[in-house]
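I opened a new page for this structure. My plan is to look things up one at a time and write down what I find.

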Amino acid sequence: MPELPEVEVVRRGLDAHVTGRTITAVRVHHLRAVRRHEPGPADLTARLLGAEVLGTGRRGKFLWLVLGGPDRPDEALVVHLGMSGQMLLGPIEKTDHLRIAALLDDGTALSFIDQRTFGGWMLADLVTVDGTDLPEPVAHIARDPLDPEFDRDAVVKVLKRKHSEIKRQLLDQTVVSGIGNIYADESLWRAKVNGARLAETLTKPKLAEILDHAADVMRDALSQGGTSFDSLYVNVNGESGYFDRSLDAYGQEGKPCRRCGTEMRREKFMNRSSFYCPRCQPRPRQSGPRSRARVGDE
DNA sequence: CCCCTCTCCTGATCGC
DNA sequence: TGCGATCAGGAGAGGG
(Lines give C-alpha, C1' and ligand atoms only; values in the text may rest on other atoms or scores of the structure.)
Protein backbone atom coordinates (compact mmCIF):
# COMPACT_ATOMS: atom_id res chain seq x y z
CA MET A 1 0.00 0.00 0.00
CA PRO A 2 2.64 2.47 -0.92
CA GLU A 3 1.22 5.98 -0.86
CA LEU A 4 3.06 9.26 -1.32
CA PRO A 5 5.50 8.95 1.64
CA GLU A 6 6.48 5.40 0.77
CA VAL A 7 6.95 6.23 -2.91
CA GLU A 8 9.01 9.28 -2.00
CA VAL A 9 11.28 7.17 0.22
CA VAL A 10 11.89 4.92 -2.78
CA ARG A 11 12.46 7.85 -5.14
CA ARG A 12 15.06 9.36 -2.81
CA GLY A 13 16.86 6.05 -2.52
CA LEU A 14 16.91 5.65 -6.28
CA ASP A 15 17.98 9.24 -6.87
CA ALA A 16 21.01 8.84 -4.63
CA HIS A 17 22.16 5.62 -6.23
CA VAL A 18 21.17 5.55 -9.88
CA THR A 19 21.58 9.12 -11.12
CA GLY A 20 24.49 9.17 -13.56
CA ARG A 21 24.43 5.40 -14.02
CA THR A 22 23.90 3.66 -17.35
CA ILE A 23 21.65 0.62 -17.81
CA THR A 24 23.65 -2.29 -19.19
CA ALA A 25 21.12 -5.14 -19.15
CA VAL A 26 17.40 -5.65 -18.61
CA ARG A 27 15.30 -8.76 -18.24
CA VAL A 28 11.53 -8.91 -17.97
CA HIS A 29 10.46 -11.89 -15.88
CA HIS A 30 6.70 -11.31 -15.83
CA LEU A 31 4.69 -9.82 -18.69
CA ARG A 32 2.08 -8.29 -16.42
CA ALA A 33 4.72 -5.92 -15.01
CA VAL A 34 5.09 -4.28 -18.44
CA ARG A 35 1.45 -4.48 -19.59
CA ARG A 36 1.12 -0.70 -19.59
CA HIS A 37 4.09 -0.37 -21.97
CA GLU A 38 2.09 -0.63 -25.18
CA PRO A 39 4.97 -1.44 -27.59
CA GLY A 40 5.76 -4.54 -25.55
CA PRO A 41 8.62 -5.99 -23.50
CA ALA A 42 11.16 -6.24 -26.32
CA ASP A 43 10.76 -2.53 -27.07
CA LEU A 44 11.10 -1.69 -23.38
CA THR A 45 14.32 -3.62 -22.90
CA ALA A 46 15.81 -2.35 -26.18
CA ARG A 47 15.14 1.27 -25.28
CA LEU A 48 16.43 0.90 -21.71
CA LEU A 49 19.69 -0.67 -22.85
CA GLY A 50 22.46 1.95 -22.88
CA ALA A 51 20.27 4.68 -21.42
CA GLU A 52 21.76 7.00 -18.83
CA VAL A 53 19.75 7.99 -15.77
CA LEU A 54 19.65 11.79 -15.72
CA GLY A 55 17.46 12.17 -12.66
CA THR A 56 14.28 11.13 -10.89
CA GLY A 57 10.80 12.51 -10.44
CA ARG A 58 7.57 11.82 -8.61
CA ARG A 59 4.00 13.01 -8.59
CA GLY A 60 1.55 11.45 -6.18
CA LYS A 61 2.22 7.73 -6.22
CA PHE A 62 3.94 7.70 -9.62
CA LEU A 63 7.71 7.85 -9.78
CA TRP A 64 10.03 7.94 -12.77
CA LEU A 65 13.62 7.96 -13.90
CA VAL A 66 14.50 10.53 -16.56
CA LEU A 67 16.61 8.75 -19.16
CA GLY A 68 18.81 10.19 -21.87
CA GLY A 69 22.26 9.97 -23.42
CA PRO A 70 24.09 10.66 -26.64
CA ASP A 71 21.90 10.23 -29.74
CA ARG A 72 18.77 9.50 -27.80
CA PRO A 73 15.89 11.74 -26.82
CA ASP A 74 15.04 12.19 -23.17
CA GLU A 75 12.24 9.95 -21.98
CA ALA A 76 10.93 8.64 -18.69
CA LEU A 77 10.86 5.19 -17.17
CA VAL A 78 7.58 5.45 -15.26
CA VAL A 79 7.22 3.16 -12.28
CA HIS A 80 4.09 2.51 -10.26
CA LEU A 81 4.45 0.32 -7.20
CA GLY A 82 0.77 -0.63 -7.15
CA MET A 83 0.02 -2.37 -3.87
CA SER A 84 3.17 -4.34 -3.27
CA GLY A 85 5.87 -3.13 -5.65
CA GLN A 86 9.48 -2.80 -4.50
CA MET A 87 12.51 -1.25 -6.20
CA LEU A 88 15.52 -2.91 -4.62
CA LEU A 89 19.17 -2.07 -5.21
CA GLY A 90 21.91 -4.61 -4.69
CA PRO A 91 22.37 -8.13 -5.98
CA ILE A 92 19.51 -9.54 -8.09
CA GLU A 93 16.85 -10.74 -5.72
CA LYS A 94 16.03 -14.42 -5.86
CA THR A 95 12.30 -14.46 -5.26
CA ASP A 96 9.23 -15.76 -7.05
CA HIS A 97 8.03 -12.19 -7.17
CA LEU A 98 10.90 -10.77 -9.20
CA ARG A 99 9.18 -9.15 -12.19
CA ILE A 100 11.96 -7.12 -13.85
CA ALA A 101 15.70 -6.92 -13.27
CA ALA A 102 18.11 -4.30 -14.61
CA LEU A 103 21.88 -4.08 -14.32
CA LEU A 104 23.74 -0.80 -13.94
CA ASP A 105 27.24 0.07 -15.07
CA ASP A 106 28.55 0.09 -11.51
CA GLY A 107 27.63 -3.57 -11.13
CA THR A 108 24.56 -3.11 -8.95
CA ALA A 109 21.20 -4.54 -9.93
CA LEU A 110 17.82 -2.87 -9.76
CA SER A 111 15.10 -5.42 -9.03
CA PHE A 112 11.40 -4.76 -9.43
CA ILE A 113 9.57 -7.12 -7.10
CA ASP A 114 5.79 -7.17 -6.88
CA GLN A 115 3.76 -9.89 -5.24
CA ARG A 116 0.30 -8.64 -6.25
CA THR A 117 1.31 -7.46 -9.74
CA PHE A 118 -0.66 -4.23 -9.68
CA GLY A 119 2.51 -2.26 -10.33
CA GLY A 120 4.68 -1.98 -13.41
CA TRP A 121 7.20 -0.16 -15.61
CA MET A 122 6.60 1.74 -18.83
CA LEU A 123 8.55 4.12 -21.04
CA ALA A 124 6.97 7.43 -21.99
CA ASP A 125 7.73 10.81 -23.51
CA LEU A 126 7.99 13.88 -21.34
CA VAL A 127 5.40 16.60 -21.77
CA THR A 128 5.02 20.01 -20.14
CA VAL A 129 1.87 20.50 -18.06
CA ASP A 130 1.24 23.74 -16.19
CA GLY A 131 4.94 24.56 -16.37
CA THR A 132 6.11 21.19 -15.08
CA ASP A 133 7.74 18.38 -17.10
CA LEU A 134 5.88 15.11 -16.62
CA PRO A 135 5.78 11.72 -18.31
CA GLU A 136 2.76 11.64 -20.60
CA PRO A 137 0.89 8.92 -18.60
CA VAL A 138 1.15 11.12 -15.48
CA ALA A 139 -0.12 14.27 -17.18
CA HIS A 140 -3.65 13.89 -15.77
CA ILE A 141 -2.52 13.39 -12.16
CA ALA A 142 -3.09 16.41 -9.91
CA ARG A 143 -0.29 17.98 -7.89
CA ASP A 144 0.20 16.37 -4.49
CA PRO A 145 0.19 18.20 -1.14
CA LEU A 146 3.99 18.08 -0.87
CA ASP A 147 4.50 19.65 -4.31
CA PRO A 148 5.95 23.17 -3.80
CA GLU A 149 3.43 24.42 -6.35
CA PHE A 150 0.47 22.65 -4.75
CA ASP A 151 -2.41 25.15 -4.75
CA ARG A 152 -4.44 24.23 -1.69
CA ASP A 153 -7.11 26.87 -2.15
CA ALA A 154 -7.67 25.83 -5.76
CA VAL A 155 -8.26 22.25 -4.59
CA VAL A 156 -10.64 23.53 -1.91
CA LYS A 157 -12.68 25.22 -4.65
CA VAL A 158 -12.80 21.98 -6.62
CA LEU A 159 -13.88 20.00 -3.54
CA LYS A 160 -16.55 22.55 -2.65
CA ARG A 161 -18.31 21.72 -5.91
CA LYS A 162 -18.22 17.95 -5.43
CA HIS A 163 -21.49 16.17 -4.79
CA SER A 164 -19.56 13.18 -3.50
CA GLU A 165 -18.18 11.84 -0.24
CA ILE A 166 -15.04 13.63 0.96
CA LYS A 167 -13.02 10.44 1.39
CA ARG A 168 -13.79 9.38 -2.16
CA GLN A 169 -12.50 12.75 -3.34
CA LEU A 170 -9.32 12.51 -1.26
CA LEU A 171 -8.64 9.21 -3.02
CA ASP A 172 -9.26 10.70 -6.49
CA GLN A 173 -5.80 11.28 -7.94
CA THR A 174 -7.12 13.82 -10.44
CA VAL A 175 -8.29 16.06 -7.56
CA VAL A 176 -5.30 15.75 -5.24
CA SER A 177 -2.70 13.03 -5.61
CA GLY A 178 -0.61 10.85 -3.32
CA ILE A 179 -3.34 10.05 -0.79
CA GLY A 180 -4.45 6.43 -0.39
CA ASN A 181 -6.66 4.66 2.11
CA ILE A 182 -4.26 4.98 5.04
CA TYR A 183 -3.49 8.70 4.80
CA ALA A 184 -7.10 9.54 3.88
CA ASP A 185 -8.25 8.00 7.16
CA GLU A 186 -5.45 9.71 9.09
CA SER A 187 -6.22 13.13 7.57
CA LEU A 188 -9.94 12.81 8.27
CA TRP A 189 -9.30 11.71 11.85
CA ARG A 190 -7.03 14.70 12.45
CA ALA A 191 -9.65 17.03 10.96
CA LYS A 192 -12.48 15.33 12.91
CA VAL A 193 -14.48 14.76 9.75
CA ASN A 194 -16.32 11.60 8.78
CA GLY A 195 -15.30 10.42 5.30
CA ALA A 196 -18.95 9.86 4.35
CA ARG A 197 -19.68 13.59 4.57
CA LEU A 198 -20.40 15.12 1.18
CA ALA A 199 -17.54 17.39 0.15
CA GLU A 200 -19.90 20.22 -0.82
CA THR A 201 -21.38 20.31 2.70
CA LEU A 202 -18.04 21.07 4.33
CA THR A 203 -16.93 24.66 4.78
CA LYS A 204 -13.95 25.94 2.83
CA PRO A 205 -11.88 26.37 6.02
CA LYS A 206 -12.65 22.76 6.98
CA LEU A 207 -11.71 21.49 3.51
CA ALA A 208 -8.48 23.51 3.74
CA GLU A 209 -7.82 21.98 7.16
CA ILE A 210 -8.24 18.45 5.79
CA LEU A 211 -5.71 19.17 3.03
CA ASP A 212 -3.30 20.73 5.51
CA HIS A 213 -3.59 17.63 7.71
CA ALA A 214 -2.95 15.45 4.67
CA ALA A 215 0.28 17.33 3.99
CA ASP A 216 1.27 17.17 7.67
CA VAL A 217 0.60 13.46 8.16
CA MET A 218 2.43 12.54 4.97
CA ARG A 219 5.41 14.69 5.97
CA ASP A 220 5.41 12.99 9.38
CA ALA A 221 5.31 9.56 7.75
CA LEU A 222 8.08 10.49 5.32
CA SER A 223 10.31 11.52 8.22
CA GLN A 224 9.87 8.04 9.68
CA GLY A 225 10.62 6.19 6.46
CA GLY A 226 6.96 5.56 5.59
CA THR A 227 4.39 3.08 6.87
CA SER A 228 5.07 -0.67 6.85
CA PHE A 229 2.79 -3.37 8.21
CA ASP A 230 4.85 -6.23 6.86
CA SER A 231 7.74 -6.85 4.51
CA LEU A 232 5.75 -5.81 1.44
CA TYR A 233 6.70 -2.15 1.63
CA VAL A 234 10.42 -1.46 1.95
CA ASN A 235 12.93 1.12 0.75
CA VAL A 236 15.59 0.47 -1.92
CA ASN A 237 17.69 -1.32 0.69
CA GLY A 238 14.86 -3.58 1.81
CA GLU A 239 14.28 -1.73 5.09
CA SER A 240 10.83 -1.04 6.57
CA GLY A 241 9.49 2.33 7.69
CA TYR A 242 7.94 2.62 11.10
CA PHE A 243 5.14 5.20 10.84
CA ASP A 244 2.63 2.38 11.47
CA ARG A 245 3.34 2.97 15.17
CA SER A 246 2.08 6.53 14.81
CA LEU A 247 -1.20 5.77 13.06
CA ASP A 248 -4.21 7.23 14.88
CA ALA A 249 -7.01 5.82 12.73
CA TYR A 250 -6.01 3.26 10.13
CA GLY A 251 -6.15 -0.27 11.55
CA GLN A 252 -7.24 0.98 14.99
CA GLU A 253 -10.62 -0.80 15.06
CA GLY A 254 -11.64 -1.66 18.63
CA LYS A 255 -8.90 0.48 20.19
CA PRO A 256 -9.66 3.67 22.10
CA CYS A 257 -9.49 6.89 20.09
CA ARG A 258 -6.18 8.56 21.01
CA ARG A 259 -8.04 11.85 21.38
CA CYS A 260 -11.26 11.00 23.23
CA GLY A 261 -11.02 7.34 24.23
CA THR A 262 -14.11 6.20 22.33
CA GLU A 263 -13.77 2.83 20.68
CA MET A 264 -12.64 3.20 17.06
CA ARG A 265 -14.80 1.69 14.36
CA ARG A 266 -14.28 0.07 11.02
CA GLU A 267 -16.72 0.26 8.18
CA LYS A 268 -16.93 -1.01 4.62
CA PHE A 269 -16.35 1.67 2.03
CA MET A 270 -15.60 1.38 -1.69
CA ASN A 271 -14.63 -2.29 -1.35
CA ARG A 272 -12.11 -1.41 1.34
CA SER A 273 -12.18 -0.33 4.97
CA SER A 274 -12.57 3.01 6.69
CA PHE A 275 -11.43 3.51 10.26
CA TYR A 276 -12.83 6.39 12.31
CA CYS A 277 -13.84 7.58 15.75
CA PRO A 278 -17.64 7.64 16.03
CA ARG A 279 -17.49 10.49 18.54
CA CYS A 280 -14.88 12.78 16.97
CA GLN A 281 -16.06 11.95 13.45
CA PRO A 282 -19.83 11.43 13.62
CA ARG A 283 -21.51 10.04 10.53
CA PRO A 284 -23.64 12.43 8.51
CA ARG A 285 -27.38 12.07 9.14
CA GLN A 286 -27.99 11.14 5.54
CA SER A 287 -25.15 8.74 4.84
CA GLY A 288 -23.65 9.00 1.40
CA PRO A 289 -25.30 9.88 -1.93
CA ARG A 290 -27.83 7.09 -1.50
CA SER A 291 -28.45 6.18 2.11
CA ARG A 292 -27.46 2.56 2.27
CA ALA A 293 -25.36 0.39 4.52
CA ARG A 294 -26.91 1.44 7.78
CA VAL A 295 -28.29 -1.94 8.58
CA GLY A 296 -25.80 -4.71 8.77
CA ASP A 297 -22.57 -2.90 9.51
CA GLU A 298 -21.54 -3.72 13.02
C1' DC B 1 -19.61 15.97 -17.68
C1' DC B 2 -20.08 13.78 -13.32
C1' DC B 3 -20.20 10.06 -10.28
C1' DC B 4 -19.78 5.31 -9.09
C1' DT B 5 -18.80 0.26 -9.56
C1' DC B 6 -16.17 -3.27 -11.15
C1' DT B 7 -11.85 -5.63 -12.21
C1' DC B 8 -7.16 -6.89 -12.24
C1' DC B 9 -3.80 -10.07 -8.80
C1' DT B 10 -1.44 -13.04 -4.97
C1' DG B 11 -0.90 -14.71 -0.41
C1' DA B 12 -2.20 -14.72 4.46
C1' DT B 13 -5.74 -15.98 7.41
C1' DC B 14 -10.01 -17.91 9.12
C1' DG B 15 -13.97 -20.99 9.69
C1' DC B 16 -15.70 -25.42 8.84
C1' DT C 1 -5.35 -31.56 6.40
C1' DG C 2 -7.82 -29.29 2.94
C1' DC C 3 -10.66 -26.02 0.88
C1' DG C 4 -13.41 -22.09 -0.08
C1' DA C 5 -14.33 -17.37 1.45
C1' DT C 6 -12.50 -13.04 2.75
C1' DC C 7 -9.34 -9.30 2.87
C1' DA C 8 -5.58 -6.09 1.44
C1' DG C 9 -6.36 -1.74 -2.54
C1' DG C 10 -4.39 1.75 -6.88
C1' DA C 11 -6.04 3.04 -11.08
C1' DG C 12 -8.47 2.85 -15.21
C1' DA C 13 -12.35 1.07 -18.05
C1' DG C 14 -16.92 1.40 -18.62
C1' DG C 15 -21.83 2.16 -17.15
C1' DG C 16 -25.64 5.07 -15.74
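This is a predicted model: local features need pLDDT of at least 70, side-chain atom pairs count only at pLDDT 80 or more; totals for chains, interfaces and linings use all residues.

**Entry: P2**

I started with P2, which sits in the segment before α1 (4-18). Is P2 buried or exposed? I found 27 C-beta neighbours inside 10 Å, so P2 counts as buried; the cut-off for buried is 20 or more. Next I looked up its contacts, leaving aside neighbours within four places in sequence. P2 is then in contact with V7, K61, L81, G85 and Y233.

**Entry: the annotated active site**

I checked the UniProt record, an unreviewed entry. Its "active site" annotation covers P2, E3, K61 and R272. K61 had already turned up among the contacts of P2. I then turned to R272, which lies in strand β12. R272 has 10 C-beta neighbours inside 10 Å, so R272 counts as exposed. P2, by contrast, counts as buried.

**Entry: P5**

I moved on to P5, which is found in helix α1. P5 has 25 C-beta neighbours inside 10 Å, so P5 counts as buried. Where do its partners lie in the sequence? One of them, A221, is 216 residues away from P5 in sequence, yet the two are 6.1 Å apart in space, C-alpha to C-alpha. Not counting residues up to four places away, P5 touches M218, A221, L222, G226 and T227.

**Entry: two domains**

I looked up how chain A is divided. There is domain 1 (4-138) and domain 2 (152-276). Their C-alpha centres lie 28 Å apart. I read that 18 residues of domain 1 are in contact with 18 residues of domain 2. On the domain 1 side, the elements that give two or more residues are α1 and β5 (85-90). α1 gives the most to that side, with 9 residues. The residues on that side divide into 8 nonpolar, 6 polar and 4 charged.

**Entry: the annotated span**

I went back to the record. The unreviewed UniProt entry gives the annotation "domain: Formamidopyrimidine-DNA glycosylase catalytic" to residues 2-119. The end C-alpha atoms of this span lie 11 Å apart. The span is 19% helix and 39% strand.

**Entry: helix α3**

My last stop was helix α3 (residues 152-160), where V155, V156 and L159 are buried. Why are they on the same side of α3? They cover an arc of only 105° around the axis, which puts them there. I noted the background too: an α-helix has 3.6 residues a turn, so residues three or four places apart point the same way. The face of α3 turned away from the buried side carries the exposed residues D153, A154 and K157. I also looked for what covers the buried residues of α3, and it includes α4 (166-170) and α6 (204-223).

Note on methods. Residues are numbered from 1 along each chain as its sequence is written. Chains are lettered from A and ligands numbered from 1 in the order in which they are written. A residue is buried if 20 or more other C-beta atoms lie within 10 Å of its own, exposed if 12 or fewer, and partly exposed in between; C-beta atoms are placed from the backbone. Helices (H or I, at least four residues) and strands (E, at least two) are DSSP runs, numbered from the N terminus. The arc is that of the directions from the helix axis to the C-beta atoms. Two residues are in contact if their C-beta atoms, placed from the backbone, lie within 7 Å. UniProt positions are given in the numbering used here, feature names are shortened, and annotations may be inferred rather than shown by experiment. Domain bounds come from an automatic or database domain assignment. Ala, Val, Leu, Ile, Met, Phe, Trp, Tyr, Cys and Pro count as nonpolar, Asp, Glu, Lys and Arg as charged, and the others, Gly among them, as polar.
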